[in-house]
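Follow the chain through its helices, its sheet and the shell around its ligand. Keep the structure open while reading.

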Amino acid sequence: MDQVLKNQTAIITGASSGIGAGVAKSLASAGANVVVNYPVESSKPAADAVLKEITDAGGIGMVAQCDVSQEAQVIRMFADVVAAYGTVDILINNAGLQRDAKFDEMTLDQWNTVINVNLTGQFLCAREAIREFLRRGLRPDVSLATGKIICMSSVHELIPWAGHVNYATSKGGIKMLMQSLAQEYGDRKIRVNSICPGAIQTPINRPAWETPQALNSLLTLIPYNRIGQPQDIGNLAVFLASDLSDYITGASIFIDGGMTVFEGFATGG
Ligand code: NAD
């Protein structure tokens, strides 16, 4: 892959598995120094394995523990990365989880856990990233933009999702977080966009693909007739983080094999 992100540093939250791991590998192969974030000690071996794959392939990076819902931990992670690499150029706000329940049975703990990680976590990381972008200013030799933030949203910022109201609400919130930041900091040449994946094969949605029956049922929602892979998201992340997309800000980019053209209406009936 072209080294379009050479001399840039990217923090990828929740990068010890799934989409985050795929994005970290793609950004590293595009030349970025990548920070593979993981939330708790038990996920450190998986983060180390992602980093090893990156460095074995000639990439540069480090692992960093931080629960994105904890303000002090987020501030410390950004300080550690600035100490290691001098600055941060790219934030991939990817960490996320689900705590599914029928709405009338949903506990406050299930609600708060999802909002705290998926939405407040994105707020805390975006705030530290923007503080660093503003402190450092533009480096025209490195990028046309002062900094880039990519929020991992979902098709569920558009498609309501019964049984997952906390999750869909968090993704709807990310849409407005992203667009408002793009509006507030565009004049400082900070770009903020969202990636909205459809069904990507990762641990978060294992029940939707682990049996042939589940996969077939899932494919009825996907015109392109295959489940997505983390690499699909990684390719888009490289584009959105690079100057190739310099005129894109405030945008939600759907990457879903056509899920949002609503396959159920394909027969015109
Ligand atoms: P995943 O479960 O493999 O990845 C989620 C990651 O977030 C894990 O590595 C986990 O350790 C990390 N994480 C959880 N809580 C954290 C915290 N407090 N601090 C830091 N990290 C934390 O699932 P995934 O599919 O790779 O999900 C990544 C993102 O993509 C999520 O935001 C998810 O909502 C979004 N997404 C996934 C799909 C899909 O089909 N897989 C579709 C749309 C959106």
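**Helices, sheet and ligand shell**

On the α1 side, G18, I19, A21, G22, V23, K25, S26 and L27 take part in the contact. On the α7 side they meet P230, Q231, I233, G234, N235, A237, V238 and A241. By class, the residues of this contact of α1 with α7 divide into nine nonpolar, six polar and one charged. This is a predicted model.

Two packed helices are described by the angle between their axes and the distance between those axes. Here α1 spans residues 18-29 and α7 spans residues 230-241. Their axes come within 8 Å and cross at roughly 50°. That angle makes α1 oblique to α7. The crossing of the two is right-handed.

The shell holds 29 residues, and G14, G18, A95, G96 and I204 come nearest. Which of the elements gives the largest share? It is α1, with three residues. By class, the shell has 13 nonpolar, 15 polar and one charged residues.

Next comes the sheet. Seven strands form an open sheet, and the pairing is parallel. Read across, the order is β3-β2-β1-β4-β5-β6-β7. β3 (60-65) and β7 (252-255) stand at the edges. Each has a single partner strand, so one side of each is left without a neighbour in the sheet. Direction ignored, neighbouring strands are turned by 20° against each other on average.

β2 and β3 run parallel and are joined by six bridges. For V35, the bridge partner in β3 is M62. Helix α3 (residues 71-85) packs on the sheet here, touching β1 (9-12), β2 and β3. The direction of α3 makes about 155° with that of β3.

Another helix lies across β5 (147-152), β6 (190-197) and β7. This is α5, which runs at about 160° to β6.

Both of these helices also pack against α4. Take α3 and α4 to begin with. Their axes are 9 Å apart, at an angle of about 35°. Their crossing is right-handed. From α3, the contact uses E71, V74, I75, F78 and V82. From α4, it uses L124, C125, E128 and E132. By class, this contact of α3 with α4 has six nonpolar, no polar and three charged residues.

Then take α4 and α5 (residues 165-185). These pack at an angle of about 15°, with their axes 9 Å apart. That makes α4 roughly parallel to α5, because angles under 35 degrees count as roughly parallel. α4 passes α5 in a right-handed crossing. The α4 residues in the contact are Q110, W111, V114, I115, N118, L119, Q122, F123, A126 and I130. They meet N166, Y167, S170, G173, I174, L177, L181 and Y185 in α5.

Notes
Residues numbered from 1 in each chain as written. Predicted model: local features only at pLDDT ≥ 70, side-chain atom pairs only at ≥ 80, totals over all residues. Axes fitted to C-alpha atoms, helices over the stretch in contact; angles between N-to-C directions. Helix = DSSP H or I, 4+ residues; strand = E, 2+ residues; numbered from the N terminus. Parallel < 35°, antiparallel > 145°, perpendicular 65-115°, else oblique. Left-handed = near helix turned anticlockwise from the far one by under 90°. Contact = placed C-beta atoms within 7 Å. Nonpolar A, V, L, I, M, F, W, Y, C, P; charged D, E, K, R; others polar. Near = placed C-beta within 6 Å. Pairing = 2+ DSSP bridges.
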